[in-house]
Structure formats: structure tokens, C-alpha cells
Amino acid sequence: MDKPDYDRETSALLLIDLQPDFFPGGALGVAGGDSILPGVKKLMNGNAFPLKVATQDWHPPDHVSFADVHEGREPFETIRCHGHDQTLWPPHCVQGTAGAALHPELPWDKVDAILRKGRAKDADSYSGFRNNDNPEGNRPPTGLSGYLKEKEVDTIVLCGLARDVCVLWTALDGVRMGFKTFFLWDLTRAVNPDQDEQTYAELKSKGVRIIQQEQVWR
Ligand code: VGL
Ligand code: ZN
């Protein structure tokens, strides 16, 4: 398989939402999630990337994305929120709970920075770069883009959960923010695998490059 064309020195590995709540048995468990652990661990322990950054979904107990805070609503329904659609999820990644922790089987000592997102009660944040929205109708940045640029990163390579939600949104924002963006397809899994074809097509059409884990190992 061809190596992707980017400069190792200016690349960063982005580890998206690797938290027990997104793994099988978790509050919002993603089927097949456990199967990405060995490959993710290998990249975390290896030297393919000079910088490694993680995101951590980190919600208050009454977060707007939780179905149970909306009278009569069920998980996976959609509501209107700040003028756009918001999927309602089972409560997950509640600040300070075991399900919200960084996955206990991964080597977190190898990670340079950890960014918590979704902390405000009334706005969701799928992307590591910007909130989904806020009551004023804009998408405030998290600061991750500035951090990476100050570290002279021009290329980001993403893995984690979930393929069709937070990894997808972070990749699309990565392109919008000017990063050469790679998506490690086999080191992600979807909440809704029926969306895979659509996710793949959307990534491609927006300029995200889709690769497999063997392409970065060295
Ligand atoms: C995620 C749904 C809700 C994710 C986070 O990490 O993909 N999905 N919050
Ligand atoms: Zn969430």
C-alpha cells in the first residue's frame, strides 16, 4: 500500500473520544469498537507521529444532547436546537464518571495534550475544533487549531470513535481549518454502520484522505 504524502515532522495523530462509554458495554457503545484498540495502541506507543493529541467528550449530567432531559423524548430522536437538528443520545461521558475516562487500556502517558469538549450544558461539540453551535448561532472554536498551528502541525491523522459522528466532524473541520487531513478508516467504528457509505463519500468529497493503519506504521 502506498504511503500517504505528508511530512512526518509536521504531522499529529488525533485520538478522538476513546472513552469506555463509546466501547461495547458503554452508555453509547459502538459495535466493534474494541477491535480498534490494538492498532490505536501501536500508534500511540510508536514514533510515526511527533505529536499526539486526544479529545475527550465531557458532558455535565443535564447536557442538552441527553434524551432524558427532554420530556417525552427517546435516544436517537432528533430535535431542533439553536436552529439546527440535534440528535438526542443516551446520557454518556458524564464528567468524572468511569465511562467518561480515557480508555484504561491505552497508554495515555504518550499523549501531548487532551482537549475536553461538550462541557457547556446547552451546546454539543462533536468536532474537536469547534462546538456544533451555541445559542447565538455560531460555532465557537475550542482552541485546538491554534494549538496545532503553534506547534507547526500542517497534517492531522485521525482515529477513534465514532466514525460517523465525532471523527467525521473533526475531520471535516480539519480540512476547513487548513490542515491536510487523513482519516484512518480501519481505526474507527460507526454508531450507525448503515451510514458508512455516506460517511466515506462525504469525507472524500470534502477533501479528507482516507487511509489504512499500515500506511503510517514505520
Ligand atoms: C459522540 C455522540 C455523542 C462521538 C459524542 O464521540 O462520536 N457521539 N457524543
Ligand atoms: Zn457526546
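Tutor: This predicted model has one cavity of 30 Å³ or more. A cavity is a set of points, on a 1 Å grid over the protein atoms alone, where a 1.4 Å probe fits but cannot get out; lining residues have an atom within 4 Å of a point. The volume of the largest cavity is about 120 Å³, counted as the space filled by probe spheres set on points joined across faces, edges and corners. Its lining consists of 17 residues, and those nearest its centre are Phe-22, Leu-28, Asp-57, Val-165 and Cys-166. By class, nine lining residues are nonpolar, four polar and four charged (Ala, Val, Leu, Ile, Met, Phe, Trp, Tyr, Cys and Pro are nonpolar, Asp, Glu, Lys and Arg charged, the others, Gly among them, polar). Residues are numbered from 1 along each chain as written, and chains are lettered from A and ligands numbered from 1 in written order. Local features need pLDDT of at least 70 and side-chain atom pairs 80 or more, while totals for chains, interfaces and linings use all residues; side-chain values use heavy atoms, without hydrogens and water.

Asp-57 also coordinates the zinc ion (ligand 2), together with His-59 and His-92, at 2.0 to 2.2 Å (donors are N, O and S atoms within 2.8 Å of the metal, or 3.2 Å for Na, K and Ca; water is not among the atoms, so sites may look incomplete). Along the sequence, these donor residues follow the spacing D-x1-H-x32-H. Asp-57 belongs to strand 2 (residues 51–57) and His-92 to the loop between strand 4 (84–87) and strand 5 (113–117), so the two tie together parts 35 residues apart in sequence. Strands (E, at least two residues) and helices (H or I, at least four) are DSSP runs numbered from the N terminus. Asp-57 counts as buried because its relative accessibility is 3%, and His-92, at 4%, is buried as well (buried is under 20% relative accessible area, exposed over 50%, partly exposed in between, with a 1.4 Å probe and protein chains only).

Strand 6 (residues 155–161) has seven of its seven residues buried, so the rest of the structure largely encloses this strand. Thr-155, Val-157, Cys-159 and Leu-161 are buried on one side of strand 6, and Ile-156, Leu-158 and Gly-160 on the other. Strand 1 (residues 11–16) runs parallel to strand 6 and is joined to it by six bridges (pairing takes at least two DSSP bridges). Ser-11 has Thr-155 as its bridge partner in strand 6. Strand 7 (residues 180–189) also pairs with strand 6 in the parallel sense, over six bridges, and Thr-188 in strand 7 is the bridge partner of Gly-160.

How values were computed
1 Å grid on protein atoms, 1.4 Å probe; cavity = no way out; pocket = protein on both sides within 12 Å on 5 of 7 lines; lining within 4 Å.
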